[in-house]
Amino acid sequence: EDIISHAVEAPKDKLLGGLLADEFDEGSCLSRFQSVLFRKAAPHKPSSYLVSRLRRYESLHRRCGAYTESYNRTLEQLKSGQSTGTTDCNYVVWISFSGLGNRILTLASAFLYALLTNRVLLVDRGTDMTDLFCEPFPGASWLLPLEFPLNQFSSFNQEHPHCYGNMLKNNVINSSTGSVPPFLYLHLVHDYNDHDKLFFCDQDQSLFQKVPWLIMKTDNYFVPSLFLVPSFEQELSNLFPNKETVFHHLGRYLFHPSNAVWGLITRYYQAYLSKADERVGIQIRVFDTDTGPFQHVLDQILSCSLREKVLPEVDVQKPIIRPSGNQRSIAILMTSLSSGYFEKVRNMYWEHPTVTGEVVSVYQPSHEEYQQAEKQMHNRKAWAEMYLLSLTDVLVTSSWSTFGYVAQGLGGLKPWILYKPENRTAPDPPCHRAMSMEPCFHAPPFYDCKAKSGVDTGALVPHVRHCEDMSWGLKLF
Ligand code: GDP
């Protein structure tokens, strides 16, 4: 496909400070090489240790990836039901589960876990993983082979006989047992129980070292709690001297839009956003059983954007304002399942002049009305919109939304977060600035593994704190 054959090859840092391996064929995944043409130079450089660990991971993945000799040998253990305990390759299998924003965050979490535990990450392709993303690792696929023996992933739940929490509960395993099964299912979904949550304890982690296959299902960005596991602490601080860049770097390393999605992104960007002096992203996600649009949400968006000077004021008295000198142009990119908010904002800037003369254009790529998990173009557009939001200069996001977290993290942006409305009224203040660009872990454990008692895990270390948009969540600062 000839997507942007005439894109100017500026002498920019194509490999993102060494984050990306220099071994790929350009045509198979244009976004990997062209993203740098659309982004401002990133102020955050990956540590040289992270870069070296990624190269080391890539060679492990090549040596242990699907269909290699080591893979086949480890697979034999799985088929025989016997774990011999000694394997040179161990695996984390990530199950495709939940909305696209959630999946992007959980895949980054699973990859970091694989990196920390010297495991190889293999990805259940679900309905659309191959359609949305390029392969991130050179020379070896990250996709789990379709003929993988445990491919009935929907049967994995908390009652599964190999569910680690369930096995603990029924005393068929404990963290000092000698014998372990060849695979365990780790249930890290938001409804997980206290047994499942022992995943975040060192003792349990040391048991996992003997288990060649870990099958993981989650809908949460669980990285903040990995920073509270003592045995991972030192490695994590070597990998990420700046802790708020974990998803920023891992996201840019792992998630390259497929050519089909890259076409959606680049055509939209070039048609509507590239020429503006400033780009503002507004991501609206309303967690309400009714679809809206709602007046209180519109009021909140406007009061936040005007008060924080994200958007210019309009003059409702004057019919026209004569611009003095240069007219700055602002392009607003709005994303939402509904088109109501976009129409109101666009009309506001059509019906009234801005006080200071800026020219404001307002765009929304799609309004899909409701979440549709199984439709190919729907998820392509959702991914394209997250990515387009990440290309803006200033971002306003909705509370609790992983869709917004992906955009802020990839873009390296600290968004203005709209507080979650209660009882259909706009909160006052309407929003505040995020303290870091990291995603929020919505369902963290509150457990002290050593003391075996409850603890506020958001108060243990300065770099893991409660989230701005969810008081019980945890995020890195
Ligand atoms: P979250 O529910 O906000 O945390 O985000 P997810 O991405 O996990 O799930 C929401 C899903 O709803 C997305 O994956 C899309 O399928 C859809 N969706 C929500 N908001 C938008 C939007 O603004 N644009 C598009 N195209 N889809 C959206």
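Predicted model: local features only at pLDDT ≥ 70, side-chain atom pairs only at ≥ 80, totals over all residues.
## A strand pair in the sheet

Val92 stands opposite Leu121, a residue of strand S2. Strand S1, comprising residues 91-94, pairs with S2 in the parallel sense, and 4 bridges join the two.

## The sheet as a whole

Strands of a sheet pair through backbone hydrogen bonds, in either a parallel or an antiparallel arrangement. In this structure, 4 strands form an open sheet with parallel pairing, and their order is S2-S1-S4-S3. The edge positions are held by strand S2 (120-123) and strand S3 (183-188). Each of these edge strands has a single partner strand, so one side of each is left without a neighbour in the sheet. From one strand to the next, the twist averages 25°.

## Division into domains

According to the domain assignment of the protein, domain 1 covers residues 34-254 and domain 2 covers residues 259-439. The centres of domain 1 and domain 2, taken over C-alpha atoms, are separated by 34 Å.

## Contact between the domains

Contact between the domains involves 21 residues of domain 1 and 24 residues of domain 2. On the side of domain 1 that touches domain 2, the elements that give two or more residues are helix H4 (100-116), helix H5 (129-132) and helix H10 (246-254).

What is the make-up, by class, of the side of domain 1 that touches domain 2? That side of domain 1 has 9 nonpolar residues, together with 7 polar and 5 charged residues.

Technical notes: Residues numbered from 1 in each chain as written. Pairing = 2+ DSSP bridges. Axes fitted to C-alpha atoms, helices over the stretch in contact; angles between N-to-C directions. Domains from an automatic or database assignment. Contact = placed C-beta atoms within 7 Å. Nonpolar A, V, L, I, M, F, W, Y, C, P; charged D, E, K, R; others polar.
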